[in-house]
Amino acid sequence: MIPLTELLSRFKNITNTEKSKKEIICREIKNTIGIDIDVEKIKISRNTILLKVEPIIKTEILLKKQELIKRIKSIRETSYFSEVT
């Protein structure tokens with residue numbers, strides 16, 4: 001019988017990958033717009049980035065949306081962002 005920890009070990013990187021995606025998004029928003037967003041305020045669902053922030057921040061992000069998408073896609077670590085639109 002295989003120990004439970006061995007079975008669950010393949011799922012360790014799933015949360016790390018999700019967290020690293022969110023950290024990259026936070027960093028690029030900071031670099032592009034100059035606004036700090038907490039990682040906890042970001043959710044990724046079906047290649048869509050959902051932000052739990054004030055409407056004024058969302059508006060600023062929407063104004064720079066194409067630039068942000070371009071920057072996020074250009075990062076090698078984020079090949080899993082290829083579908084973001």
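Hello everyone, and let me begin with some ground rules. The model is predicted, so to speak of local features I need a pLDDT of at least 70, and side-chain atom pairs count only at pLDDT 80 or more, while totals for chains, interfaces and linings use all residues. Residues are numbered from 1 along each chain as its sequence is written, and side-chain values use heavy atoms, with hydrogens and water left out.

Let's start with the overall layout. The protein chain has 4 helices and 2 strands. These are DSSP runs numbered from the N terminus, with helices being H or I of at least four residues and strands being E of at least two. Follow the sequence along and you read α-α-β-β-α-α.

How much of the chain is buried? Of its 85 residues, 27% count as buried. Buried here means under 20% relative accessible area, exposed means over 50%, and partly exposed is in between, using a 1.4 Å probe and protein chains only. The accessible surface comes to about 6600 Å², and 53% of that belongs to carbon and sulfur atoms. Those areas come from the Shrake-Rupley method with a 1.4 Å probe, and for residues only the protein chains shown count as cover.

Now for the inside. In soluble globular proteins, nonpolar side chains tend to be buried together. Here, the largest nonpolar core has 13 residues, and the members touching the most others are Ile-25, Ile-29, Ile-37, Ile-42 and Ile-61. By nonpolar core I mean a set of buried Ala, Val, Leu, Ile, Met, Phe, Trp, Tyr and Cys residues joined through side-chain atoms within 4.5 Å. Two or more residues each come from helix 2, strand 1 (42–45), helix 3 (55–63) and helix 4 (65–74). Helix 2 gives the most, with 4 residues.

Let's visit two of those core residues. Ile-42 is found in strand 1, and its relative accessibility is 2%, so Ile-42 counts as buried. Leaving out residues up to four places away in sequence, Ile-42 touches Lys-22, Ile-25, Cys-26, Ile-37, Ile-49, Leu-50 and Leu-51. A contact means heavy atoms within 4.5 Å. Ile-61, with that same exclusion of residues up to four places away, touches Ile-29, Ile-33, Ile-37, Leu-51 and Leu-68.

Which residue stands opposite Ile-42 in strand 2? That is Leu-51. Strand 1 and strand 2 (residues 48–51) run antiparallel and are joined by 4 bridges; for two strands to pair, DSSP has to find at least two bridges between them. Their hairpin has 2 residues between the strands, and in this hairpin Arg-46 takes a positive phi near 50°.

There is also a loop between helix 2 and strand 1, and Ile-35 sits in that loop. Ile-35 and Ile-57 are 22 residues apart along the chain, yet their C-alpha atoms are separated by 8.0 Å. Not counting residues up to four places away in sequence, Ile-35 touches Ile-29, Lys-30, Ile-57 and Glu-60.

Next come the charges. How many salt bridges does a search of the whole structure find? There are 3. A salt bridge is a side-chain nitrogen of Lys or Arg within 4 Å of a carboxyl oxygen of Asp or Glu.

Glu-28 meets Arg-27 in a salt bridge at 3.7 Å, N to O. Glu-28 also bridges to Arg-71, with the closest N and O atoms 2.8 Å apart. Arg-71 lies in helix 4 and Glu-28 in helix 2, so this pair ties together parts that are 43 residues apart in sequence. Glu-28 counts as buried because its relative accessibility is 6%, whereas Arg-71 counts as partly exposed at 28%. Asp-36 and Lys-30 form a salt bridge too, at 3.8 Å, N to O. Through shared partners, Arg-27, Glu-28 and Arg-71 are joined into one network.

I'll finish with Lys-22, found in helix 2 (residues 12–33). Lys-22 is buried but has no salt bridge, and the nearest side chain of opposite charge is Glu-18, 4.5 Å away. For charge, Lys and Arg count as positive and Asp and Glu as negative, while His and the chain ends are not counted. Leaving aside neighbours within four places in sequence, Lys-22 is in contact with Val-39, Ile-42, Lys-43 and Ile-44.
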